[in-house]
Amino acid sequence: MTAFKTYFSSFRGKEIGRILLIDAAAFLVITLLLLGSGRYLQAKTLALTSGQSLNQIQETLLTMTAEETQAFLQGMRSLVTTIFIGGILITMSIFLMFSFSTALIWNLLSGKKFSQQHYWRWNALHLVFFFVALIYAAFVFLIKLAVNQWLSRFYYGAFIPLMNQMVISLLVLIFLLFLFLTYYSFVQRYKVFESIGHAFYLIRLHWNQLWRMFLLALLTGLILNLLLTFLQRFFIYPQTAFIFLSGVIFLLYLAWLRLYLVQTVTVTLTPP
């Protein structure tokens, strides 16, 4: 099957809709969790401060009795504790939800059943990839800095925002494809570092197909970006509606990209 045949056939995959539903459900749960916790903290802060500014609170403290000051400080300690513990719990919940949705998606793409035992290994993989992402983000920052410096030297400062967007898009897509290749390997073996190593092996094995896939995926992303830019200029509905539309298109693109990658590198996985 040629690169173009694989490209066009990927849009007909039935899994895209199911992947989109899983992503949307996870995003909705995470959003509701963040909004709910944010409103709870806002209400707790408002009850403690009575809506006063920092300067007003300082002035009020000067007129309080010792008992009132003690009660206020106790309430402040309770608020800080809630923020600290709540922040940890919310972060853990988002992390677990992300791993759960990822496990569902890649079990779906590989034709496997979801396993609770294997689910916890997804958390281990994401913990490792968290540090990988931090290192890669630092690399992206240095590349962006170098590009800006090069453009400034040759008086192409007007092109800096455009070049920054292009460079970041390229590097983010590279990271996503490597991440998805790792997922593709991981769902077959459930070994973190072995799966990461096998992702490099798949790149070497399928290089001729992957670079063509990369260009077509990049082109598709650019077309969608141009379409959204065009729509934004003539969008007559509230800005929140456009943000929602952009989010749906982005999730749809990610769902398609996963399926397109799987169709490109579908092989019997054996250790390198």
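For these notes, contact means heavy atoms within 4.5 Å. I am working from a predicted model.

**Entry 1: how confident is the model?**

I looked up the confidence before anything else. The chain has a mean pLDDT of 87, and 95% of its residues reach 70 or more. Which elements sit at the two ends of the range? Helix α3, residues 54–63, has the lowest mean pLDDT at 75, while α7 has the highest at 94. I also made a note of residues 267–272, where the pLDDT is below 50. That stretch still has 16 contacts in the model beyond near neighbours in sequence.

I picked I90, which lies in helix α4, residues 66–110. Is I90 buried or exposed? I get 18% relative accessibility for I90, and because the cut-off for buried is under 20%, I90 counts as buried. Setting aside neighbours within four places in sequence, I find I90 in contact with L33, L34 and S37.

Next I checked how I90 stands to A43. The two are 47 residues apart in sequence, and their C-alpha atoms are 17 Å apart in space.

L33 has a relative accessible area of 31%, so I put it down as partly exposed. Which residues does L33 contact, leaving aside neighbours within four places in sequence? I found I90, S93 and I94.

I also looked from L33 to M166. They are 133 residues apart along the chain, with 33 Å between their C-alpha atoms.

**Entry 2: α4 against α5**

Staying with α4, I turned to how it packs on helix α5, residues 116–153. Their axes come within 9 Å and cross at roughly 115°. That makes α4 roughly perpendicular to α5. The crossing in which α4 passes α5 is right-handed.

I listed who meets whom. From α4 the residues are F95, L96, F98, S99, F100, T102, A103, W106 and N107. On the α5 side they meet Y119, W120, W122, N123, H126 and L127. How many of the residues in this contact are nonpolar, polar and charged? I have 10 nonpolar, five polar and no charged.

One more residue in α5 went into the notebook: A133. Its relative accessible area is 29%, so A133 is partly exposed. A133 and A3 are 130 residues apart in sequence, and 29 Å separates their C-alpha atoms.

**Entry 3: the start of the chain**

I looked at helix α1, residues 3–10, and asked which of its residues are buried. T6, Y7, S9 and S10 are. What covers the buried residues of α1? The cover includes α2 (15–49), α8 (207–233) and α9 (239–264).

**Entry 4: α2 against α9**

These two pack at an angle of about 130°, with their axes 9 Å apart. I therefore call α2 and α9 oblique to each other. The crossing of α2 past α9 is right-handed.

In α2 I marked E15, I16, I19, L20, D23 and A24. They meet V248, L251, L252, A255, W256, R258 and L259 in α9. The residues of this contact divide into 10 nonpolar, no polar and three charged.

**Entry 5: α8 against α9**

I then took the other pairing. The axes of α8 and α9 come within 11 Å and cross at roughly 170°. α8 and α9 are therefore roughly antiparallel to each other. Here too I noted the hand: α8 passes α9 in a right-handed crossing.

The list of residues runs along both helices. Among those in α8 are Q209, L210, M213, L216, L224 and L228. Among those in α9 are Q239, F242, L245, I249, Y253, W256 and Y260. This contact divides into 16 nonpolar residues, seven polar and no charged.

**Entry 6: a residue with a positive phi**

Last, I stopped at Y190, which is not a glycine but has a positive phi of about 55°. Where is Y190? I found it in the loop between α6 (160–189) and α7 (192–205). Its relative accessibility is 9%, so Y190 counts as buried.

Technical notes: Residues are numbered from 1 along each chain as its sequence is written. This is a predicted model: local features need pLDDT of at least 70, side-chain atom pairs count only at pLDDT 80 or more; totals for chains, interfaces and linings use all residues. Side-chain values use heavy atoms; hydrogens and water are left out. Buried means under 20% relative accessible area, exposed over 50%, partly exposed in between (1.4 Å probe, protein chains only). Helices (H or I, at least four residues) and strands (E, at least two) are DSSP runs, numbered from the N terminus. Axes are lines fitted to C-alpha atoms, for helices over the stretch in contact, and angles run from 0 to 180 degrees between N-to-C directions. Angles under 35 degrees count as roughly parallel, over 145 as roughly antiparallel, 65 to 115 as roughly perpendicular and the rest as oblique. A crossing is left-handed if the near helix is turned anticlockwise from the far one by less than a right angle, and right-handed if clockwise. Ala, Val, Leu, Ile, Met, Phe, Trp, Tyr, Cys and Pro count as nonpolar, Asp, Glu, Lys and Arg as charged, and the others, Gly among them, as polar. pLDDT is the predictor's confidence in each residue, from 0 to 100.
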